[in-house]
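Visitor: I would like to go through this structure with a few plain questions. Please show it to me before we start.

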Amino acid sequence: MKWEGGRRGGGIEDRRGMRGGAVAGGGIGAAIIGLVLYFVFDIDPRTTQQVASQLGGLGQAGSQEGQVGSPEDDAGRFVEVIGTNINDVWAQKLEGYRPPVTVLYEQGTQTGCGYGQAAMGPFYCPADQKVYLDLGFWQDLQRLGGSGADFAKAYVIAHEYGHHVQRLIGATEQVQRAQQNARSQAEGNRYSVALELQADCFAGMWARNAGLVSNGEVTVTDSDLAEGMKTAAAIGDDALQGRGGGRVSPESFTHGSSQERMQWLQRGYQTGDPGSCDTFANL
Ligand SMILES: [Zn+2]
C-alpha cells in the first residue's frame with residue numbers, strides 16, 4: 001500500500017503523552033483484559049460508562065487539534081493521511097458528509113461515551129463523533145493473528161470511519177431503536193452484527209476508491225486487500241471466542257464471523273459502491 005506523500009488534511013486531536021487519568025488497579029484491570037477479545041473493535045458504550053464510574057475521578061486530558069507532530073511521527077502521519085483519504089472518498093459518495101475528528105491517545109482517555117480504555121481497541125463514539133485510536137493496538141492486532149501490514153491498519157481506521165457514516169445516515173440510531181425493541185439478546189445482537197459488517201463493507205468500498213480520489217498518492221492493491229482479509233479473519237467473533245477459550249456461540253456474536261467479515265470487506269472492495277453494503281437486507 002502506498003501512502004507516503006498523501007494529502008494531510010488535519011482533523012487529528014493528539015492526546016498522546018497525556019495520561020487520561022488514573023489507570024485501573026488489579027481487579028478492574030483484569031476485567032478489562034478479559035473484555036479485549038470481545039471488544040477488539042469498538043467498545044460497547046455501556047461498558048465504558050461502567051468502567052468510568054468504577055474508576056472514579058479522572059484527570060482531564062488536554063489536547064491539540066490539527067496536523068500531527070514532527071516529520072518523524074510516522075504513526076501519526078499515517079493516521080492523518082489515511083483519514084484524509086477516507087474523508088475524500090466519502091465526500092464524493094455521501095452528500096453532506098462531515099469528517100469525524102480522530103483522537104490519538106495512550107492507555108485511556110475521556111470520551112463523549114464514557115471513559116475509553118486502550119485495552120478495548122479502537123472505537124467510534126457517536127455522541128461526540130470522534131474516532132479513538134490507541135496506536136498500540138496495531139501490535140495487539142498482530143498478536144491476535146492479524147496482519148502487520150499498513151493496509152490492515154488502514155482497514156481498522158476505515159471501519160471506524162464507517163461507523164461515523166452510519167451515525168450521519170441514521171443507521172446507528174435505527175439499530176439502537178431496534179435493539180431496544182428486540183425480544184431477545186440474540187435478536188439484538190443480529191442488528192449489531194449487521195452494523196459491524198456494514199462498516200467492514202464501507203472499509204472495502206474506501207479501499208477501492210483510495211487511489212481515484214488521490215491521483216494515486218494513496219493506493220490499495222489486491223495484495224494489500226489480502227492482508228486486510230487476513231485481519232478480518234483474525235477478528236471474527238468465532239475466531240476471538242475460540243481464542244478466548246470459550247465455546248463458539250453464534251447468538252452472542254456482535255461483530256460477525258470471520259467468514260462474514262471477509263465477505264463484506266471483499267464485497268465493498270469489489271463494487272466500490274456503498275449502496276452494495278446493505279447488510280440489513282436479510283434481517
Ligand atoms: Zn465496528
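Guide: What follows is a set of questions and answers about a predicted model.

Visitor: How many aromatic pairs does a search of the whole structure find?

Guide: The search covers the whole structure. Its count of aromatic pairs is six.

Visitor: Is the pair of W90 and F202 stacked or edge-to-face?

Guide: The ring centres of W90 and F202 are 4.9 Å apart, and the planes stand at 80 degrees. Planes over 60 degrees apart count as edge-to-face. The pair of W90 and F202 is therefore edge-to-face.

Visitor: How many residues apart in sequence are the parts that this pair, W90 and F202, ties together?

Guide: W90 lies in helix α3 (residues 74-93), while F202 lies in helix α7 (residues 185-213). Both W90 and F202 are buried.

Visitor: Which residues do ring pairs link into a cluster?

Guide: F123 and Y132 form a stacked pair, with 5.0 Å from centre to centre and 15 degrees between the planes. F123 is buried at a relative accessible area of 1%, and Y132 is buried at 1% as well. Ring pairs link these two and one further residue into a cluster: Y105, F123 and Y132.

Visitor: Is the disulfide of C113 and C125 right-handed or left-handed?

Guide: The sulfur atoms of C113 and C125 are 2.1 Å apart. C113 is buried at 7% relative accessibility, and C125 is buried at 0%. The torsion about their S-S bond is about 90 degrees, so the disulfide is right-handed.

Visitor: Is the link of C201 and C277 right-handed or left-handed?

Guide: A disulfide joins C201 to C277, with 2.0 Å from S to S. C201 is in helix α7 and C277 is in the segment after α10, 76 residues apart. With -75 degrees about the S-S bond, the link of C201 and C277 is left-handed.

Visitor: What is the pairing of the bonded cysteines, numbered in sequence order?

Guide: The count of disulfides is two. One joins C113 to C125, and another joins C201 to C277. In sequence order, the pairing is 1-2, 3-4.

Conventions
Residues numbered from 1 in each chain as written. Predicted model: local features only at pLDDT ≥ 70, side-chain atom pairs only at ≥ 80, totals over all residues. Heavy atoms only, no water. Phe/Tyr/Trp six-rings, centres within 6.5 Å; stacked < 30°, edge-to-face > 60°. Helix = DSSP H or I, 4+ residues; strand = E, 2+ residues; numbered from the N terminus. Buried < 20%, exposed > 50% of the residue type's maximum accessible area, 1.4 Å probe, protein only. Disulfide = S-S within 2.5 Å.
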